[in-house]
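Visitor: Hi, I'd like a quick tour of this model. Could you start with the terms and then take my questions?

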Amino acid sequence: MEVTYRDQEVADSAASVAERLVAEGVPARLAGGDPTLWGEDAAPVAAARLGWLALPRASRGLLPELAALARRARADGLTNVVLAGLGGSSPAAEVICASADAPLTVLDTTDPGQVRRALAEGLDSTILVVAGTSGASVETEALLRVYERAFLDAGIDPATRVTVVADPGSPLERPAAESGYHLIPAAPGVGGRYSALSAFGLVPSALAGADAGRLLDEAAEVLPLLSKDTGNPGLDLGAALGGAALAGRDKLLMDDRLSAATGLPDWIEQLVAGSTGKRGRGILPVVGGEPRGTGDELLVAFDADDGDVRVDGPLGAQFLVWQYATAVAGLVLGVDPFDEPNIAESTAATGRLLTLPALPVGEPVLVDGPVEVYGHTRAKDLPGVLTELLRSVPDGGYVAVTAYLDRLAAFDAPVAEGADFEQMTDAWMAADAATLRPLLALRTDRPVTFGWGPRFARSTGQYHRGGPQNGVFLQVTGAVADDVAVPGRPYTLGTLQLAQALGDLDALEHRGRPAVRVHLTDRAAGVAHLLAAAQEA
Ligand SMILES: O=P(O)(O)OC[C@H]1O[C@H](O)[C@H](O)[C@@H](O)[C@@H]1O
């Protein structure tokens, strides 16, 4: 694993940061799991979250159980692996499986269409992994309830299909015990964001056919370097991230085009945004963003020379080194990398909204074709709304687009017969809400981020609310055609999804951030309309 500086300014600031950290004994103290590094107030939480440093070795104990689990699933014909988990409980497995070409369906959504899509993949061959660290995520619990009912309706005993991965003492242990699900207790003292090499990352990956042992080997190889004062890739990367952010280069761009790992920036996003975005500080990962030369960017390139920092190494080592580097960057920025003080703001608001007889959606301030606009705007049409939002981004700020929609809906777009791959990709992009990010990025030199709700809410959501208050928000919601009931709960997935969006908006508006919700009364037509509006200057 190697970290190389390719920009003199970054190299200089990293060197002076590293010198200070070494003088304070940080590398050995962090590698040894010293919880007092981030100050006295942070020590109790850190003490309960530094377990990830031991995982490259400790998780080896899981391997026989994982092999047996995977063997049994294959013997039973359970090849469709579905992972229900939010925040840090799912993105590592997503990257591991995508990189290993191991098919995994990740459900970190409350979108009824996306959940129906997953259910339709064939319950006969489905094994469901339900993953939660705190066990408090309402989405995970709802998805478990939906799948339990679906299995029962299909005449399948859920106990033969559900595996629960949970922190010891988590409320998720209860349904597991009551219903006889296979329970795999996660290593204690890790927490969601740092759980890649724990049961959270490894159980679904092994079931889907990825090589969990290899990941641990890759991480174990780099582990001894992390206590060193020199030649320590975690220290080098952390000093670069922290030093650059202190110098105003706090937008993290990543070029992974040549990387053997698929989707690593998405995992880094949840780690870095959730860990550093607090107390008005933080590092904002801009996944998919291109460098604009604006002076507030740091470009990290994987296995390539075009960045300010070059990072080379296999996936298992990347996980460990980025975790260490993020903990170091938190120290440099003066934030506690292990808490998430502002996540609860929107979840509490969502909880309150769900107790009301009806969701307070309000009245649209304007309707433009299949798109309703809610919030404060003086604009007369949708292109005007977007222009106004873009103009309201302050110096050093950013635009965050968040879409509470079906992440896979674009693949339903009609593609002409005989179309080649490029034409197919064009058709999908033209139907994908995520295309808003590059389109809006063409119209501003400020970074534009994109996140699917509620997935982003537990990572960049922490940064949006806790980080520098210079974000401008465009939230996209959509009408639900075919809702899904949540058995045993008074709400449907569609209601939960909308309540989450409104809860998030509420938390942003309370902080005085410019935020507009656009609601698609027809989802496919609405996305097309929105993308067209984004192109109209
Ligand atoms: O794993 P859960 O209990 O469902 O929590 C999901 C997520 O919640 C918060 O956002 C934390 O910052 C994450 O680290 C965690 O993964």
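Predicted model: local features only at pLDDT ≥ 70, side-chain atom pairs only at ≥ 80, totals over all residues.

Visitor: Is Arg279 buried, exposed or partly exposed?

Guide: Arg279 is partly exposed, because 15 other C-beta atoms lie within 10 Å. Its phi is about 55°, a positive value although Arg279 is not a glycine.

Visitor: Where is the place of Arg279?

Guide: Arg279 is in the loop between H13 and strand S8 (284-285). Helices (H or I, at least four residues) and strands (E, at least two) are DSSP runs, numbered from the N terminus.

Visitor: And what is phi of Asp101 near?

Guide: Phi of Asp101 is near 55°, again positive in a residue other than glycine. Asp101 sits in the loop between helix H6 (91-99) and strand S3 (105-107). Asp101 counts as exposed because it has 10 C-beta neighbours inside 10 Å. Most residues other than glycine have a negative phi, and most peptide bonds are trans.

Visitor: Which residues does a cis peptide bond join?

Guide: Gly453 and Pro454, with omega about 0°. Pro454 lies in the loop between S14 and helix H19 (460-466).

Visitor: Let's stay with S14, then. How many of its residues are buried?

Guide: Five of the five residues in strand S14 (residues 448-452) are buried. Val448, Phe450 and Trp452 are on one side, with Thr449 and Gly451 on the other, and both faces are covered.

Visitor: Which strand do five bridges join to S14?

Guide: Strand S13 (residues 398-404), which runs parallel to S14. Strands pair if DSSP finds at least two bridges between them. Val399 has Val448 as its bridge partner in S14.

Visitor: Why is Pro447 called buried?

Guide: Pro447 is buried because 27 other C-beta atoms lie within 10 Å. Its place is in the loop between helix H18 (436-441) and S14. Beyond its neighbours within four places in sequence, Pro447 is in contact with Lys251, Leu284, Val286, Gly289 and Tyr398. Contact here is when the C-beta atoms of two residues, placed from the backbone, lie within 7 Å.

Visitor: New topic: how is the chain divided into domains?

Guide: Into domain 1 (2-25 + 229-333), domain 2 (55-217) and domain 3 (343-535), with bounds from an automatic or database domain assignment. In domain 1, 18 residues are in contact with 15 residues of domain 3. Helix H13 (residues 264-276) gives the most to the domain 1 side of that contact, with four residues.

Visitor: How many residues surround the ligand?

Guide: 18 residues do, and the closest are Gly87, Gly88, Ser137, Gly192 and Arg458. A residue counts as near if its C-beta atom, placed from the backbone, lies within 6 Å of the molecule. By class, the shell has three nonpolar, twelve polar and three charged residues. Here Ala, Val, Leu, Ile, Met, Phe, Trp, Tyr, Cys and Pro count as nonpolar, Asp, Glu, Lys and Arg as charged, and the others, Gly among them, as polar.

Technical notes:
Residues numbered from 1 in each chain as written. Buried ≥ 20, exposed ≤ 12 C-beta atoms within 10 Å, placed from the backbone.
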